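Subject: Structure handover

Hello,

I am passing this structure on to you, with notes on what was found in it. Please look through it before reading further.

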Amino acid sequence: MFEGGGFGVGVTVDVLDVPAWPAELVPTGVTARPSRLGEVMPVGARTSPEIALELQRIQQLEARLAAYRAELIVEFAARRPDSLDRRIGDPGAASADWLPGPGREAAEGVSEFFADELAHVLHCSRAAASTLADQSTTLVKHLRATWAALADGLLDWPRARALAVELGPVAPDVEPQLLADLEAAVLPRAGELSVTGVRAAARAELLRRDEAAAERRRKHAQRRADATVRPRPDGMAEFSVFLPRPMARAVFDTIDRYARMAKADDPSRPLGELRAGVFADLVLRPWDTSRPPVTAHLTVVAPLPEDPTMDAPPAEVDGQSITTAQLRELLERLDAMCPGGLRAPVGGSLDLALVDPRNGALRATVTRAELERLVRRGCSSHPAGDCGCSVLDRPPVTDRYRPSAAQRRFTMVRDRTCRHPGCGNHAGWSDLDHVVPHAQGGETSCENLCCLCRRHHRLKTFAPGWRFEMSPDGALGVTTPSGVTRTTRPPGYWAAIGLPPPSVEAQLMAQVGGVGHETEDPPPF
């Protein structure tokens, strides 16, 4: 303090030359390294629920890091413009038919050598770097809502990447509002869908809102159709075929059915080995006609028309009757779409899945012959007119353990795949399981039955600590021993054609997450 009441501060500046930590001070046999997270936060001290919670936190952090990485890559690309690249036709320029990478989005205005630099930085292949750059650019520039959900930890990277993969090829060519509408329709249910389901939902929305864009995307991908062989060091090789989705599905279904026929003859051989053998046999011996024919089963999802004879449309009242008038209109509509009538494939079968047009809930399943018979017969109590009486509904409850054929058909059409969260095994090869075990009073009804593949059926029955619960609308909640609950819902018509989901599913981070052969009635679980 100076005279007169003033204050002053004296500062002395000096150079501090701190020597490096002397290597000789580290004991012999000890290596200097940073502390590991498991040492700072010992995992052995955590309970199982705490471990599950910590894993979820890590997943959220990984999502935020992925969003940050996408921003970094886009900014990095912007600093590598193509203005210094050789132009096509100049000495040393790329060929005129050269493709910039797996995609094209990140390559527009960016140096052709950017992917090489990014690959060098990330220590990965150029193809992997180019793919990552495309996906990052799509998210940051076009799918802003998806990127925001990723950056906030509300959506994980695999699902965000799935949206980028599906919409990236068309993103530069469609209106920004269309992409925003697509995101608004898919994001609320993305956390509840599998990665495959997210891609399917995005495809359905794009097809419903802009069929031309969906067709451009398909043609763009179809031009890249190819077959490749990748050798492995164990004497094996991977044969990959990139081809249109319906063709790929048909090829796999055919191979799978023949393999399962062979499995029945020789149960000791793994199913995968049999599929590989069938594939080679079909390609190398196309003239062999000794194979039994493989038939197809077709399920047509048809929304019920509203019934003008009733005070309120059936879609507004859960469980309301399906009337003769509705079935007659449905039959006329099917015949109008398919001249000569919609029929089963040769040697195959056909089911009609009748769904509520408002929420997509499955109301009934019926064969073409049954539909025609119901229309001809009408209501037995009022044969002369179009009454509002029920002529078709869900299969009734049975008093035995084994489900009826009608219950099996209804449940398989409703579920389509194994209902365990994240499992995509086809319902045709799944078991029909009582959610509340039959031995504990669970009834044999569609409200208490769901499709589970054999592995997840065994998990539910024998793995301690797991809990399965199903609501009347078919939502299945699965809780792990560590207390994490994931919920799956029947795919529903809204998911198949891209209609908005029911309001109960409009939560972004809601807790989630062929024809089979008849077997002997297993013992009750």
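What covers the buried residues of α15? The cover includes β6 (431-434), β7 (449-452) and β8. Please keep in mind that this is a predicted model.

Helix α15

This helix spans residues 454-462, and its buried residues are His456, His457, Leu459 and Lys460. They lie on the same side of α15, because the arc they cover around the axis is only 160°. Arg455 and Phe462, on the other side of α15, are exposed.

His420

His420 sits in the loop that links α14 (405-415) and β6. Its relative accessibility is 9%, so His420 counts as buried, the cut-off being under 20%. Setting aside neighbours within four places in sequence, the residues in contact with His420 include His456 and Leu459, which are also among the buried residues of α15.

Strand β8 covers residues 467-470 and runs antiparallel to β9, with 4 bridges joining the two. Arg467 has Thr479 of β9 as its bridge partner. The two strands make a hairpin with 5 residues between them, and Gly474 in the turn has a positive phi of about 95°.

On its other pairing, β9 is joined by 4 bridges to β10 (residues 485-488), again in an antiparallel arrangement. Here Leu476 is partnered with Thr488 of β10. β9 and β10 also form a hairpin with 5 residues between them, and in this turn Gly483 has a positive phi of about 95°.

Within β9 itself (residues 476-479), Leu476 and Val478 point one way, while Gly477 and Thr479 point the other way. All of these residues are buried.

Helices α4 and α5

Elsewhere in the chain numbering, α4 (residues 126-142) packs with α5 (residues 144-151) at an angle of about 105°, and their axes are 6 Å apart. That angle makes α4 roughly perpendicular to α5. From α4, the contact involves Leu139, Val140 and His142; from α5, Arg144, Thr146, Trp147 and Leu150 take part. By class, this contact has 4 nonpolar, 2 polar and 1 charged residues.

Regards

Notes:
Residues are numbered from 1 along each chain as its sequence is written. This is a predicted model: local features need pLDDT of at least 70, side-chain atom pairs count only at pLDDT 80 or more; totals for chains, interfaces and linings use all residues. Side-chain values use heavy atoms; hydrogens and water are left out. Axes are lines fitted to C-alpha atoms, for helices over the stretch in contact, and angles run from 0 to 180 degrees between N-to-C directions. Angles under 35 degrees count as roughly parallel, over 145 as roughly antiparallel, 65 to 115 as roughly perpendicular and the rest as oblique. Contact means heavy atoms within 4.5 Å. Ala, Val, Leu, Ile, Met, Phe, Trp, Tyr, Cys and Pro count as nonpolar, Asp, Glu, Lys and Arg as charged, and the others, Gly among them, as polar. Buried means under 20% relative accessible area, exposed over 50%, partly exposed in between (1.4 Å probe, protein chains only). Two strands pair if DSSP finds at least two bridges between them. The arc is that of the directions from the helix axis to the C-beta atoms.
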